[in-house]
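This briefing is meant to be read beside the sequence and the 3D view. Please keep both open while going through the points below.

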Amino acid sequence: MQLRNLSRENQVLVANLQVADTLWKRLRGLLGRRQLGEDEGMVIVPCNAVHTIGMSFSLDLLFLSRNGNVLRLEHDVRPWSMRFCLKAYAVVEVPAGVLKHRSCQVGDRVAWE
């Protein structure tokens, strides 16, 4: 799957997106991974809060509404942290620094396909 920014000429934000949409996949998330490639990420759905307890690398986060609007961006979330957005329906996790290099802002609309 890919994550595309529909507000920015259909720009690919994440070329290799994994979807965590079952209880087990959501509980496991990225735990156990040593790192993510620059074009890798995970969308956790439904989800409005994530933690990085036990992680060995930092993440950038996109909190999304049910219809794919970006509600909140979090940059460089370090291990042993927690972030939430109560209105979010899904959270996209990508390697730290990726969102600074790709055009994505609060209010943009994204979709995974």
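This is a predicted model: local features need pLDDT of at least 70, side-chain atom pairs count only at pLDDT 80 or more; totals for chains, interfaces and linings use all residues.

**Leu71 and its surroundings**

Not counting residues up to four places away in sequence, Leu71 touches Phe63, Leu64, Ser65, Cys85, Lys87, Ala88 and Val106.

**Leu71 in strand S7**

- Leu71 is found in strand S7, and with a relative accessibility of 31% this residue counts as partly exposed.
- Between Leu71 and Arg109 there are 38 residues of separation in sequence, while their C-alpha atoms are 9.5 Å apart in space.

**Phe63 in strand S6**

- Phe63 is found in strand S6, which covers residues 59-64, and its relative accessibility of 0% places Phe63 among the buried residues.
- Once neighbours within four places in sequence are left aside, the contacts of Phe63 are Asn48, Asn69, Val70, Leu71, Arg72, Glu74, Arg83, Phe84, Cys85, Ala88, Ala90 and Val91.
- The C-alpha atoms of Phe63 and Asn10, which are 53 residues apart along the chain, are separated by 18 Å.

**The chain as a whole**

- The secondary structure of the protein chain comes to two helices and ten strands, and read from the N terminus the elements follow the order β-β-β-α-β-β-β-β-β-β-α-β.
- The radius of gyration of the protein chain is 13 Å, close to the 13 Å that the globule rule gives for 113 residues, so the chain is as compact as a globular protein of that length.
- Taken along the principal axes, the box filled by the C-alpha atoms of the protein chain is roughly 35 × 25 × 20 Å.
- Of the 113 residues in the protein chain, 42% are buried.
- Among contacts in the protein chain with a separation of 6 or more, 66% are between residues 24 or more positions apart.

- A disulfide is a covalent bond between the sulfur atoms of two cysteines, and the cut-off applied here is a pair of sulfur atoms within 2.5 Å.
- By this rule the count of disulfides comes to zero.

**Backbone features worth checking in the view**

- Most residues other than glycine have a negative phi, and most peptide bonds are trans.
- Val45 and Pro46 are joined by a cis peptide bond with an omega of about -10°, and Pro46 lies in the loop between strand S4 (40-44) and S5.
- Glu9, a residue other than glycine, has a positive phi near 55°; Glu9 lies in the loop between strand S1 (3-5) and strand S2 (11-14) and is exposed, with a relative accessible area of 79%.
- Asp76, again a residue other than glycine, has a positive phi near 50°; Asp76 is found in strand S7, residues 70-77, and counts as partly exposed at 30% relative accessibility.

**The largest pocket**

- The largest pocket has a volume of about 270 Å³, and its lining is made up of 18 residues, of which Arg26, Leu27, Ile44, Val50 and His51 lie nearest its centre.
- The elements that give two or more residues to this lining are helix H1 (23-28) and strand S5 (49-51), and the largest share, four residues, comes from H1.
- By residue type, the lining of the largest pocket divides into twelve nonpolar, three polar and three charged residues.

Note on methods: Residues are numbered from 1 along each chain as its sequence is written. Side-chain values use heavy atoms; hydrogens and water are left out. On a 1 Å grid over the protein atoms alone, a cavity is a set of points where a 1.4 Å probe fits but cannot get out, and a pocket is an open set with protein on both sides within 12 Å along at least five of seven lines; lining residues have an atom within 4 Å of a point. Grid points are joined across faces, edges and corners, and a volume is the space filled by probe spheres set on the points. Ala, Val, Leu, Ile, Met, Phe, Trp, Tyr, Cys and Pro count as nonpolar, Asp, Glu, Lys and Arg as charged, and the others, Gly among them, as polar. The radius of gyration is taken over C-alpha atoms; the globule rule is 2.2 Å times the number of residues to the power 0.38. Buried means under 20% relative accessible area, exposed over 50%, partly exposed in between (1.4 Å probe, protein chains only). Contact means heavy atoms within 4.5 Å.
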